[in-house]
Every structure is written in C-alpha cells, then in structure tokens.
Amino acid sequence: MGLQVRLFPPQGLTGLPYLAFALLFLLALVRGPRRAPRLLVPLLGAYFLFELLRSGEAWVGVGFWAPALYLLAAFAYGPPWALFHGLLWGGLLVLLPPALGRETGPLWAHLALAQPVLLALTVLLARFRELSGQVRFWREQALTDPLTGLPNRRALEMALEREVARVERGERPFSLILLDLDDFKRVNDQKGHPEGDRLLREVARYLVARVRRGDLVGRWGGEEFALLLPATDPHRAEVLAHRLRQGLKALGVTASFGVAGYGGNLAALFRQADEALYLAKRRGKDRVERHPGPGGAPQGSR
C-alpha cells in the first residue's frame with residue numbers, strides 16, 4: 001500500500017477570491033470609521049465587478065446591493081470625489097457586463113435607469129455631510145477656548161443652565177468653583193507671554209485630571225477657571241478646592257478659590273462664587289473661601 005497524496009481539486013480554488021475579499025474588508029474596517037469608507041468604496045466596487053464577470057446570475061445580488069456603493073462614496077469623500085467614484089463604479093457596473101457579452105436582467109436595467117438619481121443623491125448626501133461637519137467644527141470652535149482646549153465661558157454657562165434644569169427635575173443641586181491664578185500678570189511681565197500661555201495649558205491639564213468624570217472644567221476668562229460639579233454640595237466642593245490648591249503649588253503657581261452651591265438662582269450662584277473668590281484675594285491669596293448661601297458671609301480657610 002503506497003502513500004497517497006490528495007490534492008484540492010481545481011474548483012476548490014474558486015473560494016480563494018472570496019477569502020481574499022473578506023480579509024481585505026476586515027483590514028479596511030480596522031482602519032477606523034474615518035478611513036474605512038475610502039478603502040471600502042474601491043474594494044466593494046471591485047467585488048461587484050468580480051461577481052458580475054464570474055456569473056451573469058450575480059446581477060440579482062449586485063443589483064440589490066449596488067446602492068450601498070454610492071452611499072459609501074458619499075460618506076467617504078467630498079462632493080467632487082463622491083461624484084467621480086459614483087460615475088466610475090456605476091459606469092463600470094452598467095457598461096462592462098453587456099460589453100463583455102454577459103447576461104443582464106431587470107435589475108441591471110433598473111440600475112442603469114437609476115444612475116442620474118443615484119449620482120444626484122450621492123452628491124447631495126456628500127454635500128450635506130460636508131456642511132454638517134463644518135457646522136460641528138464651528139460650533140466646537142465657538143464653545144472652546146483656543147489656548148487651553150477647555151470649554152469657554154459660553155459653554156460653561158450653557159452647561160450650568162442644563163444643570164439647573166436637572167435640579168428642577170428633582171436631582172441633587174450642584175456647586176461652582178471659581179479659581180484665579182495669583183499674580184499671573186507677574187509671570188507674563190517677567191517671563192513673557194509664551195511662558196504664561198504654557199502655564200495656563202498646564203493648569204488646565206492638571207484640573208481636568210483631578211476632577212471626576214462628569215465634572216466640567218472650563219476657562220472663565222484670562223487666568224480664571226471654573227469648575228462645575230454636578231450633584232455636589234458646597235462642603236464637598238470646598239474639600240476638592242483645598243486639594244486643588246495644594247496640588248497647584250507643584251506647578252509653581254498658587255491660586256485663590258471661591259466656592260458656592262446652587263440655591264435656586266443661577267445669577268446668585270455667579271455672584272456668590274465671585275464674592276468668595278474676591279474675599280480669598282483680599283485675605284491674602286492662596287486660599288479657599290466658601291459662600292454659605294443667601295444672607296451669609298463667605299467662610300474661608302487655608
């Protein structure tokens with residue numbers, strides 16, 4: 001009895017292109033949501049052409065899924081390139097099979113007749129996506145401090161209004177911390193504005209790293225920062241302010257803190273936090289002052 005070697009039959013090799021396409025699809029998907037569509041458009045177009053050239057009966061599946069190619073092109077490119085890819089792959093899918101003598105069916109006719117509509121929708125969707133991205137970009141720019149990358153004063157005010165709405169629905173009140181870097185003008189005067197900007201960015205990173213997820217740190221203006229602490233009473237906010245005050249010294253800077261809790265009036269909250277901050281400055285800086293609420297005077301400590 002001799003050793004028998006069994007080889008795969010030639011027809012077994014027909015599965016290799018599908019395996020190759022599957023691997024390429026996976027490689028495209030792992031490139032991330034931004035880059036994947038640009039890789040999937042030519043890959044999907046090539047796959048459709050392969051199916052059509054392999055068998056005329058493939059029009060049943062290709063004709064059904066062909067609009068996905070236009071949709072991907074609209075998400076992958078701006079209007080000019082989306083139109084180019086729609087024309088390229090749509091033209092190949094419609095013109096190549098009959099040019100090579102392949103059988104076509106009703107779906108081929110529908111796709112051929114739908115080309116103007118599909119191309120118009122591709123361009124419109126690409127333009128809509130482009131405009132949506134621009135709106136999102138400019139909205140972020142309008143609500144972000146360009147130096148530190150933190151939410152700016154307008155973004156903080158909007159967040160405070162949302163917190164007020166949550167409290168009115170019965171959730172726990174929130175607190176606000178205002179902090180102002182002490183003698184920051186001296187840093188700019190003695191070391192220059194680039195060093196002052198660097199210090200502001202470093203303080204911003206420090207504050208973001210020391211608060212809870214869900215807390216909001218923003219730049220209130222100049223060398224002043226604000227911390228919005230949802231579901232936090234003024235006493236706990238004061239404890240946090242003390243920790244932050246101590247930690248900032250490691251960065252070579254001190255700060256004065258004003259703490260206030262929301263008591264039903266947003267304008268009063270701003271005023272109380274500002275009064276507490278002003279008192280911290282007046283009492284020697286590098287300290288924390290907490291406003292007790294309506295009718296009380298700020299209370300402070302080192």
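How many residues does the largest nonpolar core have, and which have the most contacts inside it? The views below take this up in a predicted model, where local features need pLDDT of at least 70, side-chain atom pairs count only at pLDDT 80 or more, and totals for chains, interfaces and linings use all residues. Residues are numbered from 1 along each chain as its sequence is written, and side-chain values use heavy atoms, with hydrogens and water left out.

**View A. The largest nonpolar core.** This core has 27 residues. I177, L181, F225, L227 and F257 have the most contacts inside it. A nonpolar core is a set of buried Ala, Val, Leu, Ile, Met, Phe, Trp, Tyr and Cys residues joined through side-chain atoms within 4.5 Å. Buried means under 20% relative accessible area, exposed over 50%, partly exposed in between (1.4 Å probe, protein chains only). Elements giving two or more residues include strand 1 (175–181), helix 9 (193–210) and strand 4 (255–261). Helices (H or I, at least four residues) and strands (E, at least two) are DSSP runs, numbered from the N terminus. Helix 9 supplies the largest share, six residues.

**View B. Around I177.** Residues touched by I177 include F225, L227, A237, L240, F257 and V259, not counting residues up to four places away in sequence. Contact means heavy atoms within 4.5 Å.

**View C. Two loop residues with positive phi.** Most residues other than glycine have a negative phi. A231 has phi near 50 degrees and is found in the loop between strand 3 and helix 10. A231 counts as partly exposed because its relative accessibility is 26%. D286 has a positive phi of about 50 degrees. The loop between helix 11 (266–282) and strand 5 (288–290) holds D286. At 12% relative accessibility, D286 counts as buried.
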